[in-house]
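The sequence and the model are shown first, and selected features follow.

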Amino acid sequence: MNKKEDQYWEEDYLDMLERAMKEEAEYVEIPESVLPENMLEKLKNVQQTDSKKKKIQLTRILGVAACFIGVVGLSLSAVYFAKERPAEQGIKNTEAIVSEAVSQEVNEGIEKESKQIPVSAKSYDQVYQVLKQVYENGMSESARIFEMYDYAMTADTVEDGVSTGTAELNGSISKTNTQVEDIDEADVIKVDGNYIYYYNCSDASYETYSIDIIKVNGSEMEKAGEIQGSGQCNDFYVTGNQLILFQTVYDNDNTITKILFYDITNRENPVLTHTLTQDGALSTSRLTGGYLYTISQYAPYQLYRIMEDESENVEDCVPSINNAKVEPERIIIPENPDAAGFLVVTAVSLEDTADFKDYKAVISSGDQFYMSKENLYIADTCYAEEGEKDSTQITKLSYADGTIIGEVTGKIDGHIGDTFAMDEYEGNLRVVTTVSIYEEVDSEEEQYMVRMEPYAGISILPIGQTSTTNALFVMDANLNVIGKIENLAEGERVYSARFFGDTGYFVTFRQVDPLFSVDLSNPEKPVIVGELKITGFSEYLHFWSDNLLLGIGNEVDPETNATIGLKLSMFDISDPENVVEKDKIVLENCYSQALYNHKAVLIDPKKNILGFDWSGNYITTDDYKNGYLIYGYDEDQGFTERIKSVSDSECNYFYNNRGVYIGNTLYIVDLNGVITAYDLTTREQTGQIKVN
């Protein structure tokens with residue numbers, strides 16, 4: 001990497017960092033020391049140091065900023081940075097009990113239910129020994145990688161394998177944009193036939209939260225009730241007469257996820273019925289089949305203390321459920337534990353919310369999660385030593401009727417940028433990855449690399465240079481690779497992916513945007529059948545119809561790679577071998593949360609609605625604004641703007657505006673407490689309420 005490329009990565013990292021910090025500013029005040037401009041100044045100072053000091057200083061500077069964001073959202077700990085060196089082979093034999101890094105002594109007594117099932121521990125001491133070995137073997141210099149994990153970026157597919165992502169209709173009521181039919185995802189806004197529920201973020205101190213309940217009837221709106229609390233509020237669900245709210249609580253060095261169940265039969269007076277807790281920061285959740293599934297990431301801070309004095313209680317490094325330690329037999333040890341931390345997975349029946357029906361703790365730092373109709377997949381990135389490919393270990397859990405069972409683990413080359421890159425179809429798992437190979441560089445000018453992961457993730461790599469290619473893998477029910485395509489788009493990375501039955505589509509980018517079409521009809525022999533190269537890139541793909549694929553992304557200048565603005569593309573996929581960008585529109589100086597959060601998109605092709613928030617200098621180059629946009633699409637006229645709103649609030653950055661509809665009324669909700677109603681036929685504003 002030359003000096004110009006160094007500058008390119010620095011500036012892009014700081015741009016991404018600034019966006020992430022703006023998101024976090026919704027909840028906390030950013031310390032002055034980690035403001036983007038101060039980070040840039042510190043980076044400049046690092047450039048003046050000698051090469052030996054530069055690596056340490058750069059890692060600390062960027063790590064502090066990235067970790068600040070991660071701690072707010074996910075309470076990441078340094079123990080999660082103890083990533084293990086991946087195995088020499090792409091796929092390990094599933095008979096292995098634990099990784100090569102774990103000693104034979106640790107393996108003794110581990111219970112194996114069958115050849116390919118991840119093992120359960122027999123004692124807390126055994127769990128501690130595994131954590132200790134993974135930690136000690138993983139903390140090599142090249143394994144000290146700082147990561148910023150995404151908030152609950154997940155992806156699933158519908159039963160027939162078509163990833164619709166559509167805001168499905170229940171009568172004529174919008175629902176959260178998810179990737180799997182009948183599997184709901186938590187969000188900051190929900191709607192039923194008579195009420196809108198939303199997280200009111202108007203409290204600038206972020207010491208309290210409020211879920212406002214608004215009764216609506218067309219243009220008529222009034223506040224019916226609210227749920228208030230102290231601390232940080234996360235997303236929530238509304239199902240029937242229940243509202244389920246997630247809250248993050250910090251207790252000394254520990255982070256706890258609280259699940260609060262409210263009876264909202266009387267919307268004017270919601271009643272808290274039960275509160276459940278699980279250690280760790282909330283990663284994601286799902287609601288399906290009458291059960292709530294919640295995943296949290298737990299970093300055992302006590303591990304350091306116990307390693308220094310092994311007379312301490314080793315169970316102190318194990319996560320708790322409702323203040324009781326997870327039993328050893330409920331702790332799952334994957335084939336290759338790669339980090340000294342846990343994912344806590346719980347299930348609650350909506351008919352009995354007084355306690356968890358089942359729970360497991362997986363030794364893993366998995367950062368991507370995908371739920372199909374039958375299985376939950378945890379993807380855990382394993383960064384490589386010099387000259388080796390990074391890899392991803394996938395752990396498969398079944399969850400039938402709220403019973404969580406560790407099924408199998410497998411490993412593939414590369415890392416997964418987003419769970420849209422995973423798809424289960426006819427018993428097989430299809431995965432798209434970006435494969436990176438890290439090389440040390442002797443030149444003092446080439447001492448580090450800041451890598452922006454797809455969908456706003458940031459990795460600060462060991463000092464050196466990284467080359468990339470991309471791959472697609474097909475894995476069977478036992479997570480053995482049965483088909484693959486490798487060495488695609490050298491020097492690029494995957495930005496988005498979507499699967500439609502026997503066909504897959506994914507986008508890579510460096511200077512132009514290749515949209516690849518893959519024939520998966522023979523899972524053992526997947527074939528690239530088409531490649532469309534256009535300017536810009538799509539961050540989110542969504543099937544508009546059987547023959548049309550919508551892309552939401554950025555347009556860029558092909559000469560400078562500078563971002564021009566938000567880009568909407570409609571691809572004709574009637575012939576996968578000859579995909580065509582049928583229509584496009586570019587909104588200059590415009591940014592949207594839709595680029596990295598699919599739940600921020602209101603989309604219903606049947607009603608010809610495509611809605612998303614916007615922010616930036618979209619209206620005037622002199623003033624930063626934010627608001628909401630509704631577009632329609634016609635194959636003859638292309639994209640047409642139907643409704644455009646501008647928020648009056650003194651902006652809390654990108655994601656304050658959401659759109660929902662009930663019947664023929666669109667409600668644009670400014671999460672600072674202003675709701676505006678529009679008639680979807682006339683497109684005229686019909687009403688407004690200011691809650692605060």
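Is V481 buried, partly exposed or exposed? At 29% relative accessibility, V481 counts as partly exposed, where buried means under 20% relative accessible area, exposed over 50%, and partly exposed in between (1.4 Å probe, protein chains only). V481 is found in strand β27, residues 481-488. Helices (H or I, at least four residues) and strands (E, at least two) are DSSP runs numbered from the N terminus. V481 and N428 are 53 residues apart in sequence, and their C-alpha atoms are 9.6 Å apart in space.

The model is a predicted one, in which local features need pLDDT of at least 70 and side-chain atom pairs count only at pLDDT 80 or more, while totals for chains, interfaces and linings use all residues. Residues are numbered from 1 along each chain as its sequence is written, and side-chain values use heavy atoms, with hydrogens and water left out.

**A six-stranded sheet**

An open sheet of six strands has the order β1-β15-β17-β16-β12-β11, with mixed pairing. Its edge strands are β1 (119-120) and β11 (281-288), each of which pairs on one side only. Two strands pair if DSSP finds at least two bridges between them.

Strands β12 (residues 291-298) and β16 (residues 342-349) run antiparallel and are joined by eight bridges. Within this pairing, L292 has V348 in β16 as its bridge partner. Strand β16 also pairs with β17 in the antiparallel sense, over six bridges, and A347 has D358 in β17 as its bridge partner. The pairing of β15 (residues 331-333) with β17 is parallel and has two bridges; here I332 stands opposite V362 in β17.

Strand β17 (residues 358-363) is largely enclosed by the rest of the structure, because six of its six residues are buried. D358, K360 and V362 point one way from β17, whereas Y359, A361 and I363 point the other way.

**Salt bridges**

A salt bridge is a side-chain nitrogen of Lys or Arg within 4 Å of a carboxyl oxygen of Asp or Glu. Side chains of opposite charge can pair when their charged atoms come close. The count by this rule comes to 18 salt bridges. Three of them are listed here.

| Salt bridge | Closest N to O distance |
|---|---|
| R286 and E185 | 3.9 Å |
| K567 and E581 | 3.2 Å |

The salt bridge of R286 and E185 links distant parts of the chain: R286 is in strand β11 and E185 in the loop between β2 and β3, 101 residues apart. R286 counts as buried at 4% relative accessibility, and E185 is buried with a relative accessible area of 0%.

D358 is buried, with a relative accessible area of 7%, whereas R330 counts as partly exposed at 23% relative accessibility. A network of salt bridges links E327, R330, D358 and K360.

For the salt bridge of K567 and E581, K567 lies in strand β34 (residues 563-572) and E581 in strand β35 (residues 580-588), so the pair ties together parts that are 14 residues apart in sequence. K567 counts as buried at 3% relative accessibility.

**Other strand and loop residues**

G553 has its place in strand β33 (residues 548-556) and is buried, with a relative accessible area of 0%. G553 and L566 are 13 residues apart in sequence, and their C-alpha atoms are 5.8 Å apart in space. I689, in strand β44 (residues 685-690), is buried with a relative accessible area of 13%. The C-alpha atoms of I689 and V674 are separated by 5.8 Å, while the two residues are 15 apart along the chain.

Most residues other than glycine have a negative phi. D182 has a positive phi, near 70 degrees. This residue is found in the loop between β2 (146-148) and β3 (189-191), and D182 counts as exposed at 60% relative accessibility. D401 has a positive phi of about 50 degrees and is not a glycine. The loop that holds D401 lies between β20 (391-398) and β21 (405-413), and D401 is exposed, with a relative accessible area of 56%.
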